[in-house]
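Biologist: Could you walk me through this model? I'd like to go one contact at a time.

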Amino acid sequence: MKYRYEINDETSFFIAPLSYGHFGLFVNDELYGTYASASLAADDVYHGYTGFDLWDDEDHDEPCDLSEWEAIF
């Protein structure tokens, strides 16, 4: 399963499975990190540890966990 969280009209985070069993965290089409689970990737987005400075440099109250992401089948 793939997950999406829209930052604005032009930019979204995506969490998607990778071929070797981990999950990738993407901003649009650019890979920003790999994780053992989708939940760990979502946690880094919430805490601002993504490597995407436009997001990490701001304070955010959401998405607090994966349940606030859109599931894409």
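Predicted model: local features only at pLDDT ≥ 70, side-chain atom pairs only at ≥ 80, totals over all residues.

Biologist: Is threonine 50 buried or exposed?

Modeller: Threonine 50 belongs to the loop between α1 (38-47) and α2 (53-56). Beyond its close sequence neighbours, threonine 50 touches several residues, including Phe13, Leu25 and Tyr32. Its relative accessible area is 4%, and the cut-off for buried is under 20%, so threonine 50 is buried.

Biologist: Which backbone nitrogen does the side chain of threonine 50 reach?

Modeller: Its side chain has the polar contact with aspartate 56. It also comes to 3.0 Å from a backbone nitrogen, that of phenylalanine 52.

Biologist: How many residues apart are glutamate 70 and arginine 4?

Modeller: Those two form a salt bridge, with the closest N and O atoms 3.1 Å apart. The pair links distant parts of the chain, as glutamate 70 is in strand β5 (residues 70-72) and arginine 4 in strand β1 (residues 2-6), and their separation is 66 residues.

Biologist: Is glutamate 70 buried or partly exposed?

Modeller: The relative accessible area of glutamate 70 is 42%. Buried needs under 20% and exposed needs over 50%, so glutamate 70 is partly exposed.

Biologist: Now the rings. What kind of aromatic pair do phenylalanine 13 and tryptophan 69 form?

Modeller: A search of the whole structure turns up six aromatic pairs. For phenylalanine 13 and tryptophan 69, the centres are 6.4 Å apart and the planes are at 50 degrees, which makes this pair tilted.

Biologist: And what about tyrosine 32 and phenylalanine 52: which arrangement do they have?

Modeller: Their ring centres are 5.6 Å apart. The planes are at 80 degrees, and over 60 counts as edge-to-face, so the pair is edge-to-face.

Biologist: Last one: which ring does the charged end of lysine 2 sit over?

Modeller: The charged end of lysine 2 is 4.9 Å from the centre of a ring. That ring belongs to phenylalanine 14.

Key:
Residues numbered from 1 in each chain as written. Heavy atoms only, no water. Helix = DSSP H or I, 4+ residues; strand = E, 2+ residues; numbered from the N terminus. Buried < 20%, exposed > 50% of the residue type's maximum accessible area, 1.4 Å probe, protein only. Polar contact = N/O pair within 3.5 Å; in protein donor to acceptor, adjacent residues only side chain to side chain. Contact = heavy atoms within 4.5 Å. Salt bridge = Lys/Arg side-chain N within 4 Å of Asp/Glu carboxyl O. Phe/Tyr/Trp six-rings, centres within 6.5 Å; stacked < 30°, edge-to-face > 60°. Lys NZ or Arg CZ within 6 Å of the ring centre and 35° of its normal. Lists of a residue's contacts leave out its neighbours within four places in sequence.
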